[in-house]
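Me: I am new to this one. Can you walk me through it, a piece at a time?

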Amino acid sequence: MAIKGVLVDITKCVGCGSCTVACKMWNNQNYVNPETKETENAHGFEAELDSNTWTTVQYVKAQKDGKEVLRYVKRQCMHCQDPSCSSVCFAHAFHQTEEGAVQYDPELCVGCRYCMIACPFDIPKYEWEKAFPSVMKCQFCSSKLAQGEAPACASVCPTNALVFGDRDALLAKAHEIIAAEPDKYVQHVYGENEVGGTNWLYISDVPFGDLGFPTNLPQTSVPSNVHKFTRFTPAIFIGGAALWSGVYLYSSRRHKVAEHEGKHEEEKHEE
Amino acid sequence: MASKRWNFRITKTRIVMLVIFLLTLLFMVWRYCVGLGASTNLNDAYPWGLWIGADMNVIALAGAGFSMAIITHVFHIHKYEPMARRCLLISFIGYVLVLLILIVEIGRWDNFWRPFVSPGIHSPMFEVYMCIVAYMILQAIELVDVGTEKVAPNFNKKMQKIMPVIFVIACVVPLGHQASLGSLYLAMPAKLDGIWASTAMPWLFLLSSFFVGPAVAILEYLWSSKRYHMKTDIDMLRGLTRISACLMAVYLVIKIADLVVRGQLGRIFEFSAVSNLFLLEICLLTIVPIIITLLPFGKTKGGVMVFSISAVCGLILTRVNVVFTGMHAHLGGGYFPTWFEIFSTVGLFCICILAYLYITENFPIFYGLPGDADGETELESAPSGFNQAIM
Amino acid sequence: MQKHDELENKKGMSRRRFLSVMAGAGIVGAAATMSGCSPVSDPSGTGWLPNQYRNASDLPAQVKGRVPLDPDNISLIRNDEKCILCGQCLEACEKVQSIFGYYELPVHDEFICVHCGQCSLWCPTGAIKERSEIEKVQAAINNPDVTVVVHTAPATRVGFGEEFGQEAGAWAEGQQVDALRKLGFDYVLDTNWSADLTIMEEGSELVHRITSGGVLPQFTSCCPGWVKFVEYYYPDLIPNLSSAKSPTMMHGPTIKTYMAQKLMDQGVIDNPTQIYNVAIMPCVAKKFEIAREEFTDAAAYWQEQGKDWATLESMRDMDAVLSVRELADMVRGAGIKYEDLDPNAQYDPIEGIGSTAGLIFGNTGGVMEAAVRSAYYLITGQQPPEALYTLTPVRGLEGIKKATLNIPGVGDVTVAVASGLANARKLCEQVRAGKADFQFMEIMSCPGGCIAGGGQPRTTVPPQDWVRQARIDTIYNKDKVGVINAASDEQGKTMKLALSHMNPEITAIYDEFLGAPLSDLAHHLCHTEYYSRADALDPKN
């Protein structure tokens, strides 16, 4: 099955927050902030992701052509093509479905929270208030995707600011849109190459940095950065074993020779 | 050996430490009931806090066991052998402390076994975890070797056949986790400050934990010598500082080269809080100790001690800088541990010190100390020093 | 060895004891850890969504999502917990009101909303509702130093009863007045009075425009949603809007000037800042209207009189607006039984008498009809002919209605009436294109007029025409009484007459205070200006 994705056109979002409501409905979540215990909407200037809120629409005041403009930025897991969370999880609690959804399995989670700190978009959130907590994040409605449906958020968008489809097709479409209106759009598809590519893609008329997107991300995947070291792991062990064995044999032989030459005998250290 | 009695001296300090530990256990029960949110200041912005910082440091310092083992068991530099077993012990206890802290720290402690059945093989954390577990098993075998020396000499004789292999493997495994600790942060290339974010980090972590090992060993040695009024072999310690200093110089060169290659050299002279902390780190970890070894002062007991303290502090700062300083700009906001995070860290540290004292007083750890022909007399004489013991 | 023993006897601790202590602590710890609860198992979503969302997103769905609503919207709030994404609010906003979907994206820097509140009537779960002002009104009532003056809009008296289980359109004028008294409001006035005042001003303005060649067609300006709609979408047509304020906004400053003077003379209050003006409205856009920055005319009046009682910021013309739904909530909250309310309770005097011409403001076409009646008088100096008392072509629920009347001295005057902003948009397009064949245009944002306003009871969801019609009928039936009274020339006592200019309290305020319609003072207190909101959006048709 083709890798699925969602194209978010920031310019089309009207901030209705339907997607946040759909997310809560499909995932059986309430509106209580787990930290403050206050009921709050998942959209607004202060809206933030938490373990109980997998997507938000954040209102952002930005400058555009010398005027202050209001933009609405949907936030959720970007579903990286080569996800950090998955690669850093030592219990393999994250995996990718064949549709490209990055899935979390709380059964396997040990709770080290490495995924939280390793995520380039700071998406995974923790159930701090629970005695047996899980990491929480958008699952790309994998249960809906498996039935050929759009994720809850994309299915309810009244302005088609969120469009669900095959990532390749969406990427082509995104380029088409921004090329057609070069004066309007920033000529960049966010998510095309960020950390090696994400399945959620964004286009915008305001620079992404002004909207709170991290702009210092590498264009290669984070796991590949870690792999710059981990690929040496076998070498370290084999090389280390060989090196130490060599040194061991050499130095112990030298000692034995020295002992034979009649120097002071040591009884205790025969190893 | 039937007449041999197990012994544990009780002093006020030890009682206080025991009480702190027992209270820690009690509070841990509370923490398991209420979760991390209520007991700690960890939050979604700061998922890692004091405990992880402490673990990073303890693992690095527990590298003493492995560096001393390499020096004595692999390179067979016999004059440092008095240090080997002592470092084996403090290293093992250090790793126990790491696990104890992790049991408090991880959210799903009941799932600790999952990585064995569901391995995330690409994770540096997996490598750290597996290496630490493997290393602790190896260390346990080495400790059994030490422990059976007196109580089961026949069994011990048999063990000697496999010990060389164990020693070598035990010198290989830590390479994995010491370096992997550094690679943990390779996963945050856009978050960690450029001063530290380097693909050389694993190697620098490995190297620094290695050369700070002797410093840890020296401090422990000096402390024990004082407790038991034993003579100190300054020449031996001096030799260790020189080995250490050579590696420090290598580290310094690599570090600077790394900064130059990545175009970050200018950053360290910004004299911002971040760059100042980096400068402090690099001075304490390398420059100050190297200078000390070059001075006549380095030949004195005081010099050796300052060398070691500086290096240990420098190492701690290295890890703290990565975990907190380098991440602060990205994580933002504030994190300061709660009383529970601090108390439990102290409490678990206490039980480890108590365990260390208990073991050193009952097992031939100090054999081969200068002035003692064999471990037996040393052990027998040890309790006499207890009344003046500093702990 | 001996040493060992001695030491141990003194203060030593055996290994066994040490270990047993440790083990005990360990067991306690382990047992306690078992007392946690299990975590969630399946995080991939097993919830419910309306069926139209169980599709791939690129399939066209008729109804999707919901209206964008500023969390700080002054009139409306939405409870996301209750929202089921049925899409009804969008249906109302886009199809009925032509707001959503009628501006280009991206938005500029605000949520586009005219505060009509139709979405709150269509919302099946009650997720969207008015932003309650009950608390601050209650605080004013509870404050002994404050005189709380309330006036009730025409349409409220055919909605109030419905909140208490009465049939659609039940007449509840007396009950509402009595309820307000029982709630502790000090003066209960009738917005029908200020509607009459509006007719005088707006009618005079129309006559002036017609006779002096002013901008035509003239648009009514009673509906704040409509006014904001013009400011958003047709800023070029602002000159067409009557400068006369809405009844509420005429009532506010006259209470705090004309009536305040009388209350000061009576010793009820020391100065107008002690008056707290509340309006009971079938509308939530009124909450927006009273907050419009420019409505501080009473304070300006007193400053001109040399009184430093209040700054423009500290005293606003109106202080609060309660929808009928909020009033009903207050009544229920106070434990007042509807059955116990007096159906014959009367309004307080000074600004409390209204004609049934004011009453029919509540119906679509009503302002037009009332205005025509008085305009006829203002132009000809004669009472209108009987035909003008039942201006059938502008009555009823049809979206756009037109009528042509012959007024002696002026000739044929064509009027257009529309309710529902989508209908208004059609008329505006005609005007903009210069194809308007009418001189006077009445627009109400809500289909059916104020009787089906966004603050009225949610008797049927979504609003149904039979309910609207029932309310309309009740109002016209009451107007018939006024017509009979007017025809019999019976002025004064019962006050149920169908001509604004015959309202004795209207003639009184002109005689005693304002002088004449369109006088300087009348301009000052009863007229306003509008401003373009073109910057807020790029219109799209």
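**A helix in chain C, then chain A**

Me: Which residues of helix 3 of chain C are buried?
Reply: The model is predicted. Helix 3 of chain C covers residues 88–96. Buried here means under 20% relative accessible area. The buried ones are C:Cys89, C:Leu90, C:Ala92, C:Cys93 and C:Val96.

Me: Why is chain A called more spread out than a compact globule?
Reply: Chain A has eight helices and ten strands. For its 271 residues the globule rule gives a radius of gyration of 18 Å. The value for chain A is well over that, so the chain is more spread out: 26 Å.

Me: How far apart are the C-alpha centres of the two domains of chain A?
Reply: The domain assignment gives domain 1 as 4–226 and domain 2 as 232–271. The C-alpha atoms of the chain fill a box of roughly 90 × 45 × 40 Å. The centres of domain 1 and domain 2 lie apart by 56 Å.

Me: What share of the residues in chain A is buried?
Reply: The accessible surface of chain A comes to about 10700 Å². Carbon and sulfur atoms hold 52% of that surface. Of the 271 residues, the buried share is 62%.

Definitions and conventions:
Residues are numbered from 1 along each chain as its sequence is written. Chains are lettered from A and ligands numbered from 1 in the order in which they are written. This is a predicted model: local features need pLDDT of at least 70, side-chain atom pairs count only at pLDDT 80 or more; totals for chains, interfaces and linings use all residues. Side-chain values use heavy atoms; hydrogens and water are left out. Domain bounds come from an automatic or database domain assignment. Helices (H or I, at least four residues) and strands (E, at least two) are DSSP runs, numbered from the N terminus. The radius of gyration is taken over C-alpha atoms; the globule rule is 2.2 Å times the number of residues to the power 0.38. Buried means under 20% relative accessible area, exposed over 50%, partly exposed in between (1.4 Å probe, protein chains only). Accessible areas come from the Shrake-Rupley method with a 1.4 Å probe; for residues, only the protein chains shown count as cover.
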